[in-house]
Amino acid sequence: MFRSKNMSWLSAGVVAFAGSMIVFAHAASPASADETAIRAQTTSWVKAYNGGDAKAVAALYAEDALLLPPGAPGARSRAAILEFLTKDIAGSKAAGAVFVVDPKTDVGVSGNMGWESGTYKVTVKGAVVETGKFLSVSRKKDGKWLYIRDTWNADAPPAPPAPPAAPPAAKK
């Protein structure tokens, strides 16, 4: 009896060790083609945004996508997203802002759904003016990944509102 008890503990230990090695091998495995494609989608987004190409950015979204930008109403549909991005990109270009995503993002894929989250920074003339995080959800359709939900927000709280203008001085 003592011998079989030891053998069962030994068997359990071997099974646990083998299971942990499988998990470790899976965690250390290289990114799948879908994970790589989702990261490439973000790279394309940043390149087009910084290049002032709102149409190219909007083309990365599904027709029924929902963009949830900070400090603004959501934009539902590719056409509404294009409208928002056209104004947003123009403002960024006028300010000299450059959007940079940290390449160390987290990506997950399950069937035809995928997500990516990470951090970003915005610079103006090389100075960091904003840091934040983002979460994008994508769907694969006809072999192409398109955003279906996209949101981001800054790490810092929003700037306080400007003080009200002083009333004009009364004439004497």
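**Exercise 1. Classify Thr43 and Thr123 as buried or exposed, and place each in its element.**

Thr43 has a relative accessibility of 56% and therefore counts as exposed, given that buried means under 20% relative accessible area, exposed over 50%, and partly exposed in between, with a 1.4 Å probe and protein chains only. The model is a predicted one, in which local features need pLDDT of at least 70 and side-chain atom pairs count only at pLDDT 80 or more, whereas totals for chains, interfaces and linings use all residues. Residues are numbered from 1 along each chain as its sequence is written, and side-chain values use heavy atoms, with hydrogens and water left out.

The next step is to locate Thr43, which sits in helix α2 (residues 33–50); helices (H or I, at least four residues) and strands (E, at least two) are DSSP runs, numbered from the N terminus.

Thr123, by contrast, belongs to strand β5 (residues 113–124) and is buried, with a relative accessible area of 13%. Leaving aside residues up to four places away in sequence, Thr123 touches Gly96, Ala97, Val98, Val128 and Val129, where a contact means heavy atoms within 4.5 Å.

**Exercise 2. Describe the order of the elements and the overall burial of the protein.**

Begin with the count, which is 4 helices and 7 strands; read from the N terminus on, they follow the order α-α-α-β-β-α-β-β-β-β-β. Of the 172 residues in the protein, 26% are buried. Finally, among contacts between residues at least 6 apart in sequence, 51% join residues at least 24 apart.

**Exercise 3. Determine how many aromatic pairs there are, and characterise the pairs Tyr61–Tyr147 and Phe99–Tyr120.**

The rule pairs rings of Phe, Tyr and Trp (its six-membered ring) if their centres lie within 6.5 Å, and counts planes under 30 degrees apart as stacked, over 60 as edge-to-face and the rest as tilted. By this rule there are 5 aromatic pairs. For Tyr61 and Tyr147 the ring centres are 5.0 Å apart and the planes stand at 45°, so the pair is tilted. Because Tyr61 lies in strand β1 (residues 61–68) and Tyr147 in strand β7 (residues 144–154), the pair ties together parts that are 86 residues apart in sequence. Tyr61, at 0% relative accessibility, counts as buried, and Tyr147, at 3%, counts as buried too.

For Phe99 and Tyr120 the centres are 5.0 Å apart and the planes are at 15°, so this pair is stacked. It links distant parts of the chain, with Phe99 in strand β3 (residues 97–101) and Tyr120 in strand β5, 21 residues apart.

**Exercise 4. Work out which elements contribute to the lining of the largest cavity, and how its residues divide by type.**

On a 1 Å grid over the protein atoms alone, a cavity is a set of points where a 1.4 Å probe fits but cannot get out, and lining residues have an atom within 4 Å of a point. The largest cavity holds about 120 Å³ of space, and its lining includes Thr42, Phe99, Tyr120 and Tyr147. The elements giving two or more residues to this lining are α2, β3, β6 (127–141) and β7, of which β7 gives the most, with 4 residues. By type, the lining divides into 8 nonpolar, 3 polar and 1 charged residues, with Ala, Val, Leu, Ile, Met, Phe, Trp, Tyr, Cys and Pro counted as nonpolar, Asp, Glu, Lys and Arg as charged, and the others, Gly among them, as polar.

Terms used:
On a 1 Å grid over the protein atoms alone, a cavity is a set of points where a 1.4 Å probe fits but cannot get out, and a pocket is an open set with protein on both sides within 12 Å along at least five of seven lines; lining residues have an atom within 4 Å of a point. Grid points are joined across faces, edges and corners, and a volume is the space filled by probe spheres set on the points.
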